Amino acid sequence: MDELKLKAAQAAIRYIQEGDIVGIGTGSTTNFFIQEIAKSNIAINGLVASSAATLQLLHDYNLPVFALNDVMLDVYVDGADACNDMRQLIKGGGGALTQEKVLAAASPKFVCIVDITKTKGFFQHFVPIEVIPMAKGHVAREIVKLGGRPELRLNYTTDNGNVIIDVHGLDLSQPMTMESRINNIAGVLENGIFANNYADILLVADSDNVSVIQG
Ligand code: 5RP
């Protein structure tokens, strides 16, 4: 699968231009993209990281890094755990969903890079939710009312000091509605449904080629 993730990452390079400020997601696919950016000769202005892990990798490659508060993004590149043909995503497998959604919202262009396996099972996928620790019991009870089965991600704290509740069994037939409903629960910081902030361009790598899905 790494081979396909690398292919998707390589295909995303064509969306990066000289002088760009590039937001960068979190995960193994975006790690390949960071490697490709470092190898390329494109004179980008700099990058904005979505997590401590991504920030560390950017430093390891000696790439120029900015804080989001100091710059305007030109493009955001990230992977996903699942996607549908409307370019809506489920993210947060790596726990960085809140910063990822902020960067997706702050960027005029969101390029999502996935291997073909991510195109299967969107509607059955669990939804990660970042929750402030004192609210986890309350949030879990409200999630049950929405039809979900909450499971606390064990031994895990987000970069923001919060917990992740992975929610199984939700009805995702109306992703935008479910995204809003979950975020309306007091104590929820953000959830991993990217239906309002869907990808502008979805690059899907399979063994033959990379498909470009866009509006
Ligand atoms: C992290 C994410 C990742 O984009 C998602 O988990 C995909 O990861 P990978 O590229 O390793 O398959 O949402 O919060």
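Me: Is Asn-155 buried or exposed?
Reply: Asn-155 counts as exposed, because its relative accessibility is 85%. On that scale, buried means under 20% relative accessible area, exposed means over 50%, and partly exposed is in between, using a 1.4 Å probe and protein chains only. Keep in mind that this is a predicted model, where local features need pLDDT of at least 70, side-chain atom pairs count only at pLDDT 80 or more, and totals for chains, interfaces and linings use all residues. Residues are numbered from 1 along each chain as its sequence is written, and side-chain values use heavy atoms, with hydrogens and water left out.

Me: Where does Asn-155 lie?
Reply: Asn-155 is in the loop between strand 8 (149-152) and strand 9 (163-168). Helices (H or I, at least four residues) and strands (E, at least two) are DSSP runs, numbered from the N terminus.

Me: And what is the phi of Asn-155 near?
Reply: Phi of Asn-155 is near 50°, which is a positive value in a residue other than glycine. Arg-87 is not a glycine either, and has a positive phi of about 65°.

Me: OK, where is Arg-87 found?
Reply: Arg-87 belongs to the loop between strand 4 and strand 5. Arg-87 is buried, because its relative accessible area is 13%. Gln-88 is in the loop between strand 4 (82-83) and strand 5 (89-90), and counts as buried because its relative accessibility is 6%.

Me: What does the side chain of Gln-88 make a polar contact with?
Reply: The partner is the side chain of Asn-84, at 2.8 Å. A polar contact is a pair of N or O atoms within 3.5 Å; within protein, one must be able to donate a hydrogen and the other to accept it, and residues adjacent in sequence count only if both atoms are side-chain atoms.

Me: Let's switch to the ligand. How many residues surround the ligand?
Reply: There are 17 of them, and the closest are Ser-28, Thr-29, Asp-81, Gly-92 and Lys-118. A residue counts as near if one of its heavy atoms lies within 4 Å of the molecule or strand in question.

Me: How does that shell divide into nonpolar, polar and charged?
Reply: The shell has two nonpolar, nine polar and six charged residues. Here Ala, Val, Leu, Ile, Met, Phe, Trp, Tyr, Cys and Pro count as nonpolar, Asp, Glu, Lys and Arg as charged, and the others, Gly among them, as polar.

Me: Which polar atoms lie by an oxygen atom of the ligand?
Reply: A polar side-chain atom of Asp-81 lies 2.6 Å from a ligand oxygen, and one of Lys-5 lies 3.1 Å from a ligand oxygen. For Gly-95, a polar backbone atom is 3.5 Å from an oxygen atom of the ligand.

Me: How much of the ligand's accessible area does the protein cover?
Reply: On its own the ligand has 380 Å² of accessible area, and the protein covers 91% of that. These areas come from the Shrake-Rupley method with a 1.4 Å probe; for residues, only the protein chains shown count as cover.

Me: What about Ala-12?
Reply: Ala-12 is in helix 1 (residues 2-12), and is buried because its relative accessible area is 0%. Ala-12 and Leu-203 are 191 residues apart along the chain, while their C-alpha atoms are separated by 7.4 Å.
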